[in-house]
Every structure is written in structure tokens, then in C-alpha cells.
Amino acid sequence: MSIEERHAVVVGGGIAGLAAAAALRCAGWGVTVLERAQTFTETDAGLAVTRNGLAALDALGCGDAVRAAGREVDTASARDQDGRWLLRTPAGAASTVLGVHRQRLHAVLRDAAAGADLVSGATVAVVDPGTPGGAPARVHWHGADGPRERAADLVVGADGLRSTVRPQLFPGSRPAYAGLTCWRAVIDDATSADDRFAPVWGPGAEFGALRTGAAETSWYLCVQAPPGATVPDELAAARRFVAGWSPDVRRWVDATRPERLVRHDVFHLAPPLPSYVRGRAVLIGDAAHALVPTTGQGANTALEDGVSLGPLLRGPDLAAGLRTFDADRRPRTQAIARRSLLTQRFGADLTGRGARAVRDAVLRLLPSGAVARAGSRALDWTPPR
């Protein structure tokens, strides 16, 4: 079989899956993307694309389109719930991130994946990973026209935290609750004069607001809670939680429309996977390394994963390409996952007044410029060629 005849089935049509589809198409693969939802879309929320994510998008040729769809902002370290600075990044040392709505990013990636067969309403049931150089992989799914099956040279599991593919490849792996639940919302906001992104740490909580357009801001509020907890009025609960916080935080939450508020519990993978590859199947994004959101690297590492597949699997030796992918991606993404958990332990996990006072005092003594530079090293990433 020639390289041009190879076909990949991507399970999951989110950010990771579409990035993988676009990269594989660029490398000459035929691609089918199976999405469980009835439409190809994303959550009504914003995210920060950091320079590693932008490098991935530029490698796909769609970085400028995403920049046009978002808003560049400077990071400004961190504040406490009263609005006082814990660390304030000096001018010239701040990292620039791109705030963008997830749905606009998704639309750009969908265009970048042109030529892929996008199948919605497809519930994957069984994945047989096959053997490189031997039996093909096989994917069984249920769609609008009944049960379907397809042989594939490659299966990409990009189906997120609750992956169907992952437990079939690594049966002992399952998500672990991180102790946090997270509200998110996008609001109309044409009045904010400050474009900086500065997370706020309160007792047992973290808040952040990010401009995602000239008149749009996305905010999140992660708080400690038991898994599966429910409240009768989500927006009222969020407003009560920040009632004593700084005025800007209260203003963002108060400006939220109830129908645009979403909440989800936060999970991660623990222990981490021993490999991202089995047979002809590879896991990417949250399916491979779901991490807590404290470093904002979930979507960015998913973009890295997806984009890496194209150049690494361009050659005829699929097994060698998959080994290289695993050797490149697993150490990096699992290190970022560990750092994200450490940031949570140092931030939203602290509830006691004494522990928070010690943390705040230490942070105010640190040289903020050096901290900003150290924290940005994980963003130094170059796509493979």
C-alpha cells in the first residue's frame, strides 16, 4: 500500500481531533473524523492560546486566522481575592497570550481539516488497535444509519477525558477527581480597560478573566466541592461565592447571563498512562493526559499533540513514527500535568488563613520577572518537521 492510500480514523471532533485531522491531511493521509455529538462544535467558553499553541496553529497554516478571531493580552501574574497583587509581572517580562472563544478556534480548525470526512452522531463502541506492519485497526460505531465498521491504518483517540478509546487500550486507566468544580461563562464586555490576564487566588478557589474579543470576556471560577454536587441556582451560587471579592471579579460574575453559565467537575488522569500508543492506535489531548486547568495548557498541549502526528507519521514506517510520537509527547505532557497539579496545591487547594498568608508572603518576596520567565519555559516548543 502506498503512503497516499493510508487512512486514519480520528475518534473525537474537538480541538485535538481536528488538529490531528488537519495535520494528517497535510501529510497525505485520508482521514475520517467520528464525533459523538450531532454537530461539530465546542463549548461556549474561552481559552488562552499560549505561544506553543500558536506555534502548532502556525504549523497548520491557520495561526493568523485564529489571531484574527481572538484578542492578544499580557499575563500579569496573580492577585488575591481582595485585588492585591501577589506577583506583578513587570513591563517587558510578561508573556502574551491569545484569548479566543473555543467555538471560533474550533471553526478555524474545521476549515483547516478540509478534505477529511466529518461524521457526526457517531458513537464509537469498539476499537481493535491492530498491529503496525500486520493486521489493520478496526473501529465499530453506531450512527444514524445503524452499526458501522471501518478498517484503518491508524486510529487516533481524541475523545477527551471520558474517552471510549483509552480504556480499550489501557483498561486500568480512569479519571481521578481533582477536588474542584469549575464555573465558566462568556459575557459581553466592551468597558474593560485592562487587557491583562491575572488569576485570582481566594480561599479554596481560583478565578480568572480573559478578554477573547474587543467586546467579549471569558471567566472561570474553580472552587473546592465534592464530586457531583448540585445547586438549585448555579449563577446565584457563583455570585455568593465571590460576594466579598474585589469589585472587578464581582462585576464579571454579575454581568453573566444564566443561559451562558456552565459548570463541570475537574478531573485528571492518575496514575499517568505508561504509553500513548498501542498497536496502530494513539491517544492525544485529554484522552492521553487530561490535566487540571491551573496552567491553561489543556488545549495547547492538545494542539501540540495533533500537529505532531502529521510530520511524525509522514514516512512509511508507522511503528517508528508512533514510537517517536510517544517518546516526544509523553514526557512533556506528563511533566506539564504534574506542574498543573502542583499549581493547584499551591493555589486553589489552600483554604486556611495561615497557609494562605504564608504563601502570599513568599510570593511577594519573589522577583516577579524571574518567576514569569521560569513559568514560560514550558511554552518553548517547536513543532516537528
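Student: Which type of interaction joins the side chains of D64 and R67, and at what N to O distance?
Tutor: Keep in mind that this is a predicted model. D64 and R67 both lie in helix α3, three residues apart, which is about one turn of the helix. Their side chains meet in a salt bridge, with N to O at 3.2 Å.

Student: Is D64 buried or exposed?
Tutor: The cut-off for exposed is over 50% relative accessible area. D64 has 59% relative accessibility, so D64 counts as exposed.

Student: Is D80 buried or exposed?
Tutor: Buried means under 20% relative accessible area. D80 has 2% relative accessibility. R364, at 41%, counts as partly exposed. D80, in contrast, is buried.

Student: What N to O distance does the salt bridge between R345 and D349 have?
Tutor: Take the two ends. R345 is partly exposed at 41% relative accessibility. D349 is partly exposed too, with a relative accessible area of 24%. Their side chains meet in a salt bridge with an N to O distance of 2.9 Å.

Student: Now helix α4. Why do its buried residues line one face of the helix?
Tutor: In α4, residues 102-112, the buried residues are L105, H106, V108 and L109. Looking down the axis of α4, these buried residues fall within an arc, so they line one face of the helix. That arc is 160 degrees.

Student: Which elements do the buried residues of α4 pack against?
Tutor: The partners include both helices and strands. The strands are β3 (46-49) and β7 (96-101). The helices are α1 (15-26), α2 (51-60), α3 (63-69) and α9 (298-312).

Student: Which residues are buried on each side of β3?
Tutor: In a regular strand, side chains alternate between the two faces of the sheet. Both faces of β3 are covered. One side has G46 and A48 buried; the other has L47 and V49.

Student: What is the bridge partner of L47 in β7?
Tutor: β3 and β7 run antiparallel, joined by four bridges. Within β7, L47 has as its bridge partner V100.

Student: Which residue just after α2 takes a positive phi?
Tutor: Start with α2 itself, where the buried residues are N52, G53, L54, A56, L57 and L60. Just after α2, a positive phi of about 85 degrees is taken by G61.

Student: How many residues lie between β10 and β11 in their hairpin?
Tutor: Strand β10 covers residues 137-143 and strand β11 residues 146-152; they run antiparallel, with seven bridges. H140 has E149 as its bridge partner in β11. Between the two strands of the hairpin there are two residues.

Student: Which residues is E216 in contact with, leaving aside its neighbours within four places in sequence?
Tutor: E216 lies in strand β16. It is buried, with a relative accessible area of 15%. Its contacts are H101, R104, V186, I187, D189, L210 and R211.

Student: What distance separates the C-alpha atoms of D233 and P258?
Tutor: D233 sits in the loop between β16 and α6 (234-241). It is partly exposed, at 42% relative accessible area. P258 is 25 residues apart from D233 along the chain. Their C-alpha atoms are separated by 9.0 Å.

Student: Last one. What accessible area do V358, V362 and L366 have together?
Tutor: These residues form a nonpolar patch on the surface. L366 has its place in the loop between α11 (353-365) and α12 (368-375). At 37% relative accessibility, L366 is partly exposed. Together, V358, V362 and L366 have an accessible area of about 240 Å².

How values were computed
Residues are numbered from 1 along each chain as its sequence is written. This is a predicted model: local features need pLDDT of at least 70, side-chain atom pairs count only at pLDDT 80 or more; totals for chains, interfaces and linings use all residues. Side-chain values use heavy atoms; hydrogens and water are left out. Buried means under 20% relative accessible area, exposed over 50%, partly exposed in between (1.4 Å probe, protein chains only). The arc is that of the directions from the helix axis to the C-beta atoms. Contact means heavy atoms within 4.5 Å. Patches are made of residues with over 30% relative accessible area and no salt bridge: like charges are joined within 9 Å, nonpolar side chains (Val, Leu, Ile, Met, Phe, Trp, Tyr) within 5 Å. Accessible areas come from the Shrake-Rupley method with a 1.4 Å probe; for residues, only the protein chains shown count as cover. A salt bridge is a side-chain nitrogen of Lys or Arg within 4 Å of a carboxyl oxygen of Asp or Glu. Two strands pair if DSSP finds at least two bridges between them.
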